[in-house]
Amino acid sequence: MGAFDSPEMSGKPRSIWVAVLAGGDGQRLRPLTTNARGISTPTQYCSLHGGRSLLQISLQRALAVTSRERIVTVVSEAHRGWWQREFFASPRSPVVVQPCDRGTGLDVLLALLVIAKSDPEAGVLFIPSDHYVEHEAVLAEYLREATAPEVMDGDKLTLLGMSPHAPDSGFGYLSPAPDSGVGMRPVLAFVEKPAQAIAAELIRAGSIWNSGIIAGRISQFIALYPRHTRQMILDLQAIVEHWPDSRVPAAGLISLYARHSALDFSRDVLQKRRESLQFLSVPPCGWNDVGTPERLANVLGASPSVNVEDFRFSPLRTFNLATAFDRAAFKPELSPASVIHSNHPQVAQRGFAWVAQPPRLAPYDES
């Protein structure tokens, strides 16, 4: 795409940016995060036990590889009431507001083009905003490895993979090439959100979960996009070039989002370009995506409670996910599994620990 095709390196090291993806609506947790007035708090603006939101923790996580000025957060106009509070104390923090949700494919692209406007040769690390990590230092080590100069200057994008503990059809699966050893490994296959039976087979064959954390150069990311999106990319680049304030969606951006269908980054982009991917397996670090009630229950059961006094200087009051199960009305005739796997709007008066009792997800090697 023009200036992004062959970036010319200067003598100084390539700068690293982090883009935190925080534009999702958290639909799968909506039954738990809806208050008495019918307002649902998006997952990234909730906390696990009080204190900092998952988004705030994600922003802190990004500081492992770059400075605050190079952390770009992609949010949604529909969530202005939440993200304005998050960034009230940091008016200069880079925030990119999308007019509406058109999938992670456009989220990623918009962040790339905003960063490229000031730093076209940058390396970029993408971090989702709804992850829990028990041992942040372990993950930080691998974030730094994925963004090391020798990796960023290579010919592949780098994904971070997590060891699966059960088949889960909500994740993407990365299959390594046979006998590819340890460390950085090429991706033989990328399967996005397979059925649970297929997920179990993939795990037996050595596949791991795609964490959604990915690093590479701007030029590499943009080159992955399908040919039919090229004109859209050019149009979006022209809009971003003359966008005076990324916190206020420009008229051209609103129009572009309105006329384009959703684009999922993992399904529509990464899955089709496995030859451009490599991955690092992260050792057990207590990582989980908290985007579903069952994963949330597991995380809440394992994560330590937070003393809100530790965050007494924070001006925010977050939606505490640890109270979501306790607050909900319980119907005795419903089992934990049937409640969790249904669309029932209220879950478990007895609390998340009861809901999380194993086994809820069958072990992948169970016959």
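How many of the six residues of strand E3 (residues 71-76) are buried? Six of the six are buried, so E3 is largely enclosed by the rest of the structure. Here buried means under 20% relative accessible area, exposed means over 50%, and partly exposed lies in between, with a 1.4 Å probe and protein chains only. Helices (H or I, at least four residues) and strands (E, at least two) are DSSP runs, numbered from the N terminus.

The model is predicted: local features need pLDDT of at least 70, side-chain atom pairs count only at pLDDT 80 or more, and totals for chains, interfaces and linings use all residues. Residues are numbered from 1 along each chain as its sequence is written, and side-chain values use heavy atoms, with hydrogens and water left out.

The chain has 15 helices and 13 strands. Of its 367 residues, 53% count as buried. Contact means heavy atoms within 4.5 Å. Among contacts in the chain with a separation of 6 or more, 76% are between residues 24 or more positions apart.

In a regular strand the side chains alternate between the two faces of the sheet. For E3, both faces are covered: one side carries Ile-71, Thr-73 and Val-75, the other carries Val-72, Val-74 and Ser-76, and all are buried. Two strands count as paired if DSSP finds at least two bridges between them. E3 pairs in the parallel sense with strand E1 (residues 16-21) over four bridges, and Ile-71 in E3 is the bridge partner of Val-18. E3 also pairs in the parallel sense with strand E4 (residues 95-98), over four bridges; here Thr-73 stands opposite Val-95.

Strand E11 (residues 277-282) is mostly covered, with five of its six residues buried. E11 pairs in the parallel sense with strand E7 (residues 157-162) over six bridges, where Ser-281 is the bridge partner of Gly-161. With strand E9 (residues 185-192), E11 pairs in the antiparallel sense over two bridges, and Arg-185 stands opposite Phe-279.

Among the helices, H2 (residues 54-62) is mostly covered: seven of its nine residues are buried. The buried residues in H2 are Leu-54, Leu-55, Gln-56, Ser-58, Leu-59, Arg-61 and Ala-62. An α-helix has 3.6 residues a turn, so residues three or four places apart point the same way.

Pro-149 belongs to helix H6 (residues 149-152). Pro-149 counts as exposed because its relative accessibility is 56%. The C-alpha atoms of Pro-149 and Ser-15 are separated by 9.3 Å, and the two residues are 134 residues apart along the chain.

Next comes the open space in the model. Rolling a probe the size of a water molecule over the atoms shows where empty space is left. On a 1 Å grid over the protein atoms alone, a pocket is an open set of points with protein on both sides within 12 Å along at least five of seven lines, whereas a cavity is a set of points where a 1.4 Å probe fits but cannot get out; lining residues have an atom within 4 Å of a point. Grid points are joined across faces, edges and corners, and a volume is the space filled by probe spheres set on the points.

The largest pocket has a volume of about 1100 Å³. Its lining holds 38 residues, of which Arg-28, Thr-104, Asp-130, Lys-193 and Asp-264 lie nearest the centre. The elements giving two or more residues to this lining are helix H4 (104-118), strand E5 (123-128), strand E10 (208-217), H11 and strand E12 (287-289). E10 gives the largest share, four residues. By class, the lining has 11 nonpolar, 17 polar and 10 charged residues. Nonpolar covers Ala, Val, Leu, Ile, Met, Phe, Trp, Tyr, Cys and Pro, charged covers Asp, Glu, Lys and Arg, and the others, Gly among them, are polar.

Lys-193, one of the residues nearest the pocket centre, lies in the loop between E9 and helix H7 (196-204). Lys-193 is not a glycine, yet has a positive phi of about 50°. Its relative accessible area is 47%, so Lys-193 is partly exposed.

Asp-268 is found in helix H11 (residues 265-269). With a relative accessible area of 15%, Asp-268 is buried. A polar contact is a pair of N or O atoms within 3.5 Å; within protein, one must be able to donate a hydrogen and the other to accept it, and residues adjacent in sequence count only if both atoms are side-chain atoms. The side chain of Asp-268 reaches the backbone nitrogen of Asp-264 at 2.8 Å, and makes a polar contact with the side chain of Arg-267 at 3.1 Å. Not counting residues up to four places away in sequence, Asp-268 touches Pro-226, Ala-262 and Leu-263.
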